[in-house]
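Please read the following points alongside the sequence and the model.

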Amino acid sequence: MQKERLKMINERRHEAVTKHFKKNVNRRVFILTQAFPFMFIGKIKEVIEDIVVLDVETTSVAELEGKEWSVHIDSISVFYIETNIGPSIPELKG
Amino acid sequence: MKRKYHVVAIPIRIVVNTFGDHNPNGMMYVLKENEQKVKDLVKKNPFTPVDLVEPLVIRANAGDIVEIQFENKLPFHTGMHFYEAEYDVCNADGASVGYNKDSTVAPGDSIIYRIHALEEGNYFFADLGNPSSSKNGSNSNGLFGGLCVENRFSWWTDPVSGKPMNSGMYADVHHPLLPSHREYVWMFHDEMEINDVTGNRPINHITNQEEESFHGANYRYEPENRRAQLISEGVVCPNCVGEEVHHDSWVFGDPSAPILRGYVGDPARIRLFHGGQKETHVFHYHVHQWFEDPQDLSSTIVDAQAISPQSHYTIDPLYGLGSLQGSFGDIIIHCHLYPHFAAGMWGMNRIFDTLQDGSQCYPNGVPIKALQPLPDRAPPPKPTKQKPGFPNFIPGKVGNKAPRPPLGIVGGRDMTELERHAAIEKPRPGAVFTDPCPEETPVKEFNVSIIELPIIYNREGWHDPKGRIYVLDEDVEDVCSGKKEPEPLVIHASAHTCIKINFTNRLPHILDGDAFQLVTRTYETGFHIHFVKFDVLVCDGANVGWNYDSSVLPGETIRYSYYADVELKAWFFHDHLFPLSHQQHGVFGSGVVHPRFSEFLNPATGEEVDRGTQVTVNHPLIPNYRDFALFAQDFTLLFDKDGKPLNPPKFPGSQDDPGLFGVNYKNEPLQFRLGKECDPAYSFSSFTHGDPVTPILRAYAGDPIRIRLLQGAQEESHSFNVHGLRWLNERGNLSSRLDCQQHIGISESFTFETFIPRPGDYLWAFETEEDLWNGLWGLIRAYKEKVPDLIPLSDRPMPMKQSRPLPECTGKKPPPAKKATLLPAKGPIRTFDIVAFQVPITYNDFGDHDPYGIIFALQEDMEDILQGKKKAEPLVIRANVGDTVDVTLTSKLKFDLFPFKDGIYPYPEVKEQAFYPPSLRISLHPQLVDYDVQTSAGETVGFNGDQTVGPGEKRTYRWYVDSQLGACGLWDMADIRNHKSQGAFGAFIAEPRGTEYVDPYTLKPVRSGANVILRNPLLPDVREYVLLIHDGVRLLDQNDELIIDPIDGILLPPPDLDKEDLVDTYDQGSRGFNYRCERLINRYNKNPVLHKLFSSIVFGDPATPVFEAYTGDPVTIRLITPAERRRSHTFHLHGHRWLFDVKDMDSRVESFVGHNVAGGLRNLQLLGGAGAIGGYSGDFMYRAGNIRWDLEQGMWGIMRVHKEIQKYLPPINE
Amino acid sequence: MKQADEMLVDYMQKLKGEEVLVITRAVQLNLLGQVFRPIFAGKVSDIQLGHLTLSPVIIKMVNAPFYEFPLPLSIPLEQIVAFSTEIPSDMAFPLT
């Protein structure tokens, strides 16, 4: 019983993050993952279940940029979504 | 917690062995409580080793503050400088650096050093009050020690008494949560002054010349010469020669050298330090393996590890003492460099299988000291009459050579009654007291012979008339008849194989004498193996301690058995009975353990094979690959075609750097590759001179490859570089950094796993000047189209049919390479206009200078440099990951500005000096970045087109920065004799994407320079300091007299200094950082106060870079060794530490970088930034760890960390 | 009775404006080649059901242990291994 409740908690938290991404469709996001290529900067296009679809501007590897990437939300270590209030995510050049 | 020690530096006579060899002027650190005791004991025992005379080892726990009251009783200022620790540099540096307060101690005075031991580890300490490398210095005489920092909450006891202890090299360390373990300190050191009982230098009893210098561990050594003398005097072992019984306790009893004692299965930790001052040693420990980085389970497993002066490593043998198979007996530990090994640099790990309570004796009647069992392990059984335990069941005869093992020798003896009791249930040949092979393991059997035959090394007829090699029995005839080229034996097997070797000794009894060597009766030989699991008593292929002598006589066959438990890299094998005499003739080989289910094919025919230096490997699951093995060799004893010995020693039998070099029994010296044009720029060109005779590793473009790098002989460091390819430094760790260079010492083994991105010829080279000059280079050739004698890999696309004939040697200049800019550029393009020109370089304010410097510079800076408005510095350029870099190189070299137009460069010299006129062509070769070797390697190699530029010519190279590489070296490849040590090198730094680079003083953007601030929108602002280590420099002093460094730089040289014989060719020349060196001798001549030589208060700042920062500023040091000689350098920065691998958070933390040699690269992010985690300020010295001969010669500088804002130095993020 | 997760959010709401040190699951993270352990110190600026946000936030890099990241960082609660409010953000400690 306790186990099940905990499982529910985990699911609800995942769901909440997913909702948060959904709420911010069309905004720019900065994401770090442990897995390669480690960093994504781009615009949130849509959220499909627990996958966020990004228009990627920048990653750590130039060849992977300017493309659409789908990122599993569970594997996002940290993120920052640009809104009108906080600082904007820098445009990386060079 | 706080831990206090009272340490005294005292003069002491150090007796290093029972033969009475001693250092009359020894110096040591000792705890105050032992000072009088040790003095009294030494007085009573003037010719016998005294246990208390050992390098001081004290202990603390991680997190402790260690407070040391240090008292100096030596007649000059001394101190204690700690590696790895954090401390206030102004009070506890143990030195007098820059504008810091002097923290050395005057004779008779004392000081308190307070240091913070942040993490577990080996904290080496040594004196910096007297930096002389001569016998009048402190370090060579023993003034060093170790602070072992244990895991938090540990405590330690004496292994004999079980009582708490305050100091000592061996301790049992306990912990409430972790297993108790044996802790052994192994402190290599070298070049100590040694006299014999008569007070004279020891004499070699065979050559009647002075013995080799001291090479030992823990203030002890056990030279072969001394032991062999007892044989020649008829005291022991009639009919023995010497080398084969050097380690035999049956003949001589136990050595004075360290014996590390434990029970089978005990967890153990060897804290390995290099307290010596000059040589890079290779620590080898039979039977055991360990992680190169004990904290990182994905790091490489090694069983031999190079260690350069003042560096240190932790060795945690996997599976505890005796390894996985639970072997027991005497396990030798030694420096694998044979001249050092013979000189006495060895000891043993003695693993008992029965309890030692002090009541037992060795076979010679010497009592066995008690050994406490570790408290958390069941004690081993007590010895009984039937089972007396090791070594007392072995049927040896004291005073005679160890007996041969039972069962092993074909037609040999069975077991004795006692042996039967000691043996396992089902003993078999090669596995009597432990069986490494699990039941049902697939067996692979090899019949190996050792033979003697002449070997021709190159087209000029250089040859070794007495080559000695391992060969499979089935190949003996073909190799002897010339049908098959001799090459080092490489056998192949898959993991989880029980390997059986039937080894036959087909050597003649006698190794004949010649200009290099005296006649030696090398009548027995063995097959000693690394890495695999085996029973050390019977299968070591050696003769160690109280073990059996597991070698065989001529005509006999012995059976060995090993288990390859997991995929291993190439395991090394060689002889352990007469290696000093004949390993350099070719007695080495390798077994490669591939992944399970591998199949090995002859790359030319596709037939299945089980040996060969080049094989193609098929695998059902992982990508197929090409496997190449390369063996470096030195002390290669060659004669030219007329029988003239090449570089013979002064007298036969001398170990003073005789002979030349080889790789897989071949070499391709550059002196024979000048051609009609007499232009060194084409020496590597196959168009001009044909392919080299050295190995050409063949593949198709795109093929995965594995390079097995080994060194088969004999004493020296080598630096392996591949141009245009790179690999993960730790093969099993994807977070590891990329590398394209590897330092190697004898017996080390490395696997480089990579692939060949494009067709073309890739240069591999042992790339120090003398190695390259004498022919240690070859090619990796990647074909674009199908060639008849190379099978394609079956899982790769079939190469296209050959559409054009392969290029051939024309004997003429190579055609120019295609334009690099025809290839598409990726990302933003950064362009650099670089000129190469000659300009005098001033190395310091004392007027030491190179009037014939050759440098690379940005075109826009050339005029200013020529006019002296800008100082000559090595060119450092930068670009970001994702950038394409177009470098256009122009040569402005002028023939008249070369010093030696006759083509002989007189000093620093190389072995086999020969005509090699200066080239007016020049090139720029980059490390690590991605490029097409056919257009942008910055060199003219194989059948690639010409990429060098002549006077007035231009060529553009196109490089792509595809990864976060950090430091990359740049250098010329057109003339390795007349350009590089003169300054033709620089650095390229690959920075994170989006980084801008600004001058630290003006904050204006810069395009070059060694000292910049990096600014990146997502990363902290970082101060970046680029340090280029280089040596082999020819300097003149202010009177234009040639400086014969290192000799001219020695402080307090003794009057009897043997200038001529002191240095090897590869020690010759001056050295420094970034075209600067602050030679201490200049300072000493001005103001002869030894302990103040680093002081800016007395002398002003050094000429070497003084890098400035504020406390806490993030700092990255890019350390690059572009040039040039084989002697490796240790780098150390006081008071700071960094990750061994900048890309891997799990990697070990260090305050040094070991064995820097040509091609070496490292990126050091200082933990906690400038001033370290503790946030200290002051002058932190960066320097070489080699007291001999780097520090005196000026390899040091300062990182200045300010606490308060300086007007001229804006804060980093202003 | 409140859902357990809401209880946590309630508890954490109290941390708003407080300094907290958060450690997440990743072995290491890689920012343009600079690697670091996922140890973040900062002021809790926002708490949501699934994540919290630190602003300003220090990434504890080995060479720059007090590096203030130019962006706030949001951390999914499920990624968090441990957090503490009793480690001041200016405290130095070993990171390796």
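How many residues does the contact take from chain C, and how many from chain A? The contact takes 24 residues from chain C and 24 residues from chain A, two residues being in contact if their C-beta atoms, placed from the backbone, lie within 7 Å.

This is a predicted model, in which local features need pLDDT of at least 70 and side-chain atom pairs count only at pLDDT 80 or more, while totals for chains, interfaces and linings use all residues. Residues are numbered from 1 along each chain as its sequence is written, and chains are lettered from A and ligands numbered from 1 in the order in which they are written.

1. On the side of chain C that touches chain A, α1 (4-13), β2 (29-31) and β7 (73-76) of chain C each supply at least two residues, and the largest share, four residues, comes from β7(C). Helices (H or I, at least four residues) and strands (E, at least two) are DSSP runs, numbered from the N terminus. By class, this side of chain C has 15 nonpolar, seven polar and two charged residues, where Ala, Val, Leu, Ile, Met, Phe, Trp, Tyr, Cys and Pro count as nonpolar, Asp, Glu, Lys and Arg as charged, and the others, Gly among them, as polar.

2. Chain B contains 17 helices and 70 strands. Its radius of gyration, taken over C-alpha atoms, is 29 Å, close to the 33 Å that the globule rule (2.2 Å times the number of residues to the power 0.38) gives for 1214 residues, so chain B is as compact as a globular protein of that length.

3. The domain assignment of chain B, which is automatic or from a database, gives domain 1 (1-167) and domain 2 (822-1202). The C-alpha centres of these two domains of chain B lie 35 Å apart, and 30 residues of domain 1 are in contact with 36 residues of domain 2. The side of domain 1 that touches domain 2 divides into ten nonpolar, 14 polar and six charged residues.
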